[in-house]
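These are my notes on the model you sent.

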Amino acid sequence: MQSKRFYLSILFVLQFLHVNAQTTLFSLLPPDSTGVNFVNIIKDTKDLNVIKYEYYYNGGGVAIGDVNNDGLPDLYFSSNVNECRLYLNEGNLKFKDVTKEAGVGAAGGYHTGVTFVDINNDGWMDIYVCQSVAADTNARKNILFENNKDGTFTNKAAQYGIADAGISVAGYFNDLDGDGDLDLFVINDPYNIDFAKTIHLAYNSQNVLAAVQDTITYYESDHYYENVNGKYIEKTAAAGLRTHSFGLSAILQDFNGDGLTDIYQANDYLKPDYLFINQGNRKFINEFEKFFNHSSYSSMGSDYADLNNDGFSDLMTDDMLPEGNERQKQLRGGNNYDEFDKVVKYGYGYQYVKNVLQLNNGNNTYSDISYFTGMAYSEWSWAILMADFDNDAWKDVYIANGYMRDITDMDYVKFKMDSIKKVIIKVKSNEDVSNLLSAIPQVKVLKCYFKNYGGLNFKREITSTGLTQAALSFGAAYGDLDNDGDLDLVVNNTNDFAFVYRNNTMENKTANSIRIQLNGPEKNRTGIGTKIETVTPDHIKQVLIYNPEKGYLSCNDKTNIVGIGQNTSCNIHVTWPDGKQQLLNDVKANQLLILNYADAKDTTVTVLKNKTLFADITTQTKVDYSYTENQHIDFKLEPLLPHKFSQMGPCVTVADFTGDKLDDFFVGGAKDHAAILFSQNADGTFTKTSEPVFDADKLYEDGAAASFDFDGDGDNDLIVSSGGNDYPNDNSKYPVRVYLNDGKGNFSKSKASNKYFTSANSIAVSDFNKDGSPDIFIGGRTVPGHYGLIPKSFLLTVSGDTLKDITSTTVLGNIGMVSTVQWSDINNDGWKDLVLAGEWLPITYVLNTNGLLNGVPEIIDNTYGWWNKISIIDIDNDGDMDIVGGNLGMNTRYKGTTDRPVTMVASDFDNNGSTDCLISTYVKGKSYPIAIRDYTLDQMPYLRKKYLRYAPYSLATVNDIFTPEQIEKANKFVANDMYSTVFINDGKGIFAKVNLPTEAQFFPVNGIQFADVNHDNLPDLIMVGNDYSTEVETGRNDAGIGLVLLNLGGGAFKTMPVTQSGFFIPGDVKCLEKIIVGDKTIFIAGKNKDQLQLVELEK
């Protein structure tokens, strides 16, 4: 009776939600309409519950495919603890449950992933079901239901050799050995999840402390089965695929463009994701770190498809962090720096609790742009489906999410979990277990749908999609259930009816499409791995790789839908897995196109290597130098910092230091590491020189450097500021130093040194008042150990053999946290003005009035940002100077805009002598502190009494945390512009702001240079950046790989892909300097904890 009431209540809700549904993208069809009344019922019992087995709530999958060859896609659902279900499609979105007649219920066991595959190539779809959890290996053998072609199925897994008895998650069929038939890869997980969360250390045979790898047992490893004449032989070890990790999904596709199928595995817990690259000899090597900079920490679902229509597939994996402020803080514990560093140190890589969207750069590297696209958070997420749901020629993203209980709720974890674990082992009934676990909150959440508007512009849409039903959703798949030309959606929910969504695109006549079915070769009848390329008259190019097993535990239909928007035809180029090809021109829209492998032809493909504009010449120049950074953890003293200030080097400056009319360069050193001089030789190589005076000053971190003739003897001397954050409360460790050159590159320290002190990362030199003496502006970057206080900046002038402080003649002394400065005549009056920017600063300029800088600084409106670099040039060739600003970018949590700025308050709130800062960002229209409770209380322990639990803090704003009096006394900061931008000067003191292209917003821009790379007499932009010093909750800003922007005139720029430019400079790049070597233009990239890199611009 209870189950009947449950059924009717859900049915009523679904019928209500069906009203007026056709005005939306999807309509949820109620079970009494479709006949699909499947519910994956999960109940905690004393024998099996989430405390005993943490993966108990991980849900089931769904497969879509035509099992009876009537031309209509059918549905198969895996049920975790009850019978699975098969529903035949009877047309008009009506389905019939034929589970019993077909014999595919798979009673008993714990079922997980499911897929349709024609395993024997007889033209009929078979069903492969994975099983898990059970202690008895016989109870968890995977099942292969072979299609008997009469509506019934027979389990023949053992006969085929694929009755895998591991703790299986999902099986994936693809050609892994290149022989044309389908092999099988099965993800198996260990049972002991507690062991997966801790790094166990021991001394290895070399007496080095190292991570102890888990003992690999047969059943806890992934398994690779090679198809040998229709039978499957387990060859995991020989292939190099033995594992011991908690994999949850995989993508079997070609990741490096060599035509071979690789394996990407998304792993939960400590083990990082794998990318097993196919070596072509039936062996695989995990090369994840060659392709990716970081991964999700708890990678779950995954998909791989071309989101920006550049011809390269992009990867997405999802994690478990909510997007809203309250739930994010309630469900997120502290990932402190020591724990994070330990994970990295012992070989587990860089992992962050967030979704990642890895943009394919086209050169076998990927950049995570999840923050930029707004897809970093989507609740506890499972299936990811990247497909063109609205047929506009751009693939959208659907994410199924939810979890039966919030077991990561921090109030539960900290205050209830231990007691529940102690009690649950003593309870005697299932009802007692259920009552006990009911203390853990349960929240049903909305699914996430991100519409793709092109240009990597995504927007989360809810009401317009019709996906307004909250549920606990896991596996999901798409297919054209009614054969009308759009993708319908099916979702497996826990303790709710499965969702069957009708897509209304074709009914609403909003776009056109082409349905494509593949009749593949003899050993791969459905054509898995086939590449379909389309080009429409509006020049949109799409690439679709037929690979149905994606997302999570599920399988999509074999019919491919290619949306073509308002176009009525397209050209289609098909490449089958063995390289044979077909070309079809002017294919009309809204038809079913059946492509037969037998019609394909052998085609000789000539691969032409692009001639790029830039080439790496580091080795040729004999510059072999890596910048070594001292280990200083700024977050120990200041847990609420957004990033380190001790990891900003190196600085590089170029000049002829040896008097031979050849450019040399100086590289500043980190604390405890001396600066280095590189002298250019006549053959274009460089010689590294260590100067005793630099070694004597290595206790200082070199923050910035500039060359000029300090003593008037005709050679280039050096001025160096000290930077970093290593010496809190000791200003004497941050001196400005002057090094005198004897004309041959030998330096001695001037007595002008160590008179002025500030932690600075920017220097600019010019004789601004035309008195014949060089003037130097030194921009204070931070007050070490006291972020939020304003550092001292200096304006100095050379007076004899010393430096004179003339800062008091200006208002520059306390202008802010300056990161970049340049002298330039921006108003064309013949006098050099001072232009600067910084963290929490706007683009600022002080006009030079006949040699005086005593005016009020002027700012460009709404440009308060986190600026790293400004460069000034006449970008539009109109005779005045324009400004290019390198900012934080928009691929981060700190997205400040005019109406939703990032803000900060800073003060000694607890009166203990420290400076406390608290940064806030907007979440869904309201500003909240970005820091989780644990970090805030580490910085300000006095707040523990106020926020004993996590729930109150999760709702708190700055005004709730601090008193009005505290806020009144605090320093206040705002950042309302994080875009990297060009500011076009109209010659009258007005600057027009033009945001740089999308790709320039993926990373913090730290270096900017100019060159006319395409010889059109317009200066093009060359940019580098990244920041690996960020706090660990946000994660490293590592998406930058170097960028060339072609100048189109009028402030407009176009990105040149790295595959065309060849300008590839990844890493934690802090600066970019131009140097002339012979008749060549060379760019030097200085990287933190990495090699200097030199690239040449080809003529």
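1. Buried area is here the accessible area, taken with a 1.4 Å probe, that two parts lose on being put together, summed over both. The model is a predicted one. On that basis domain 1 and domain 3 bury about 1,400 Å² between them, and 56% of it falls on carbon and sulfur atoms. From the side of domain 1, N293, Y371 and F372 supply 45% of the area buried against domain 3, more than any other three residues.

2. The division into domains is as follows. Domain 1 is made up of 26-319, 354-406 and 441-503, and domain 2 of 512-545 and 558-599. Domain 3 covers 614-898 and 976-1097, while domain 4 is 902-973. Between domain 1 and domain 3 the C-alpha centres are 47 Å apart. Their contact takes 18 residues from domain 1 and 18 residues from domain 3.

3. What kinds of polar interaction cross between domain 1 and domain 3? The interface has nine residue pairs in polar contact, with both residues of each pair at pLDDT 80 or more. The count of salt bridges between these two domains is zero.

4. On the side of domain 1 that touches domain 3, strand 25 (366-368) and helix 9 (370-373) are the elements that give two or more residues. Helix 9 gives the most, with three residues. By residue class, this side of domain 1 divides into six nonpolar, 10 polar and two charged.

5. N504 is placed in the loop between strand 34 (499-503) and helix 13 (505-508). Is N504 buried or exposed? Its relative accessibility is 0%, so N504 counts as buried. The side chain of N504 is joined to the side chain of S27 by a polar contact of 2.8 Å.

6. T863 belongs to the loop between strand 58 (858-859) and strand 59 (865-866). T863 counts as buried because its relative accessibility is 0%. Leaving out residues up to four places away in sequence, T863 touches L841, P842, I843, N976, D977 and F983. For one of these, L841, the C-alpha atom is separated from that of T863 by 7.6 Å, with the two residues 22 apart along the chain. The side chain of T863 also reaches the backbone oxygen of I860, at 2.6 Å.

Technical notes
Residues are numbered from 1 along each chain as its sequence is written. This is a predicted model: local features need pLDDT of at least 70, side-chain atom pairs count only at pLDDT 80 or more; totals for chains, interfaces and linings use all residues. Side-chain values use heavy atoms; hydrogens and water are left out. Domain bounds come from an automatic or database domain assignment. Contact means heavy atoms within 4.5 Å. A salt bridge is a side-chain nitrogen of Lys or Arg within 4 Å of a carboxyl oxygen of Asp or Glu. A polar contact is a pair of N or O atoms within 3.5 Å; within protein, one must be able to donate a hydrogen and the other to accept it, and residues adjacent in sequence count only if both atoms are side-chain atoms. Helices (H or I, at least four residues) and strands (E, at least two) are DSSP runs, numbered from the N terminus. Ala, Val, Leu, Ile, Met, Phe, Trp, Tyr, Cys and Pro count as nonpolar, Asp, Glu, Lys and Arg as charged, and the others, Gly among them, as polar. Buried means under 20% relative accessible area, exposed over 50%, partly exposed in between (1.4 Å probe, protein chains only).
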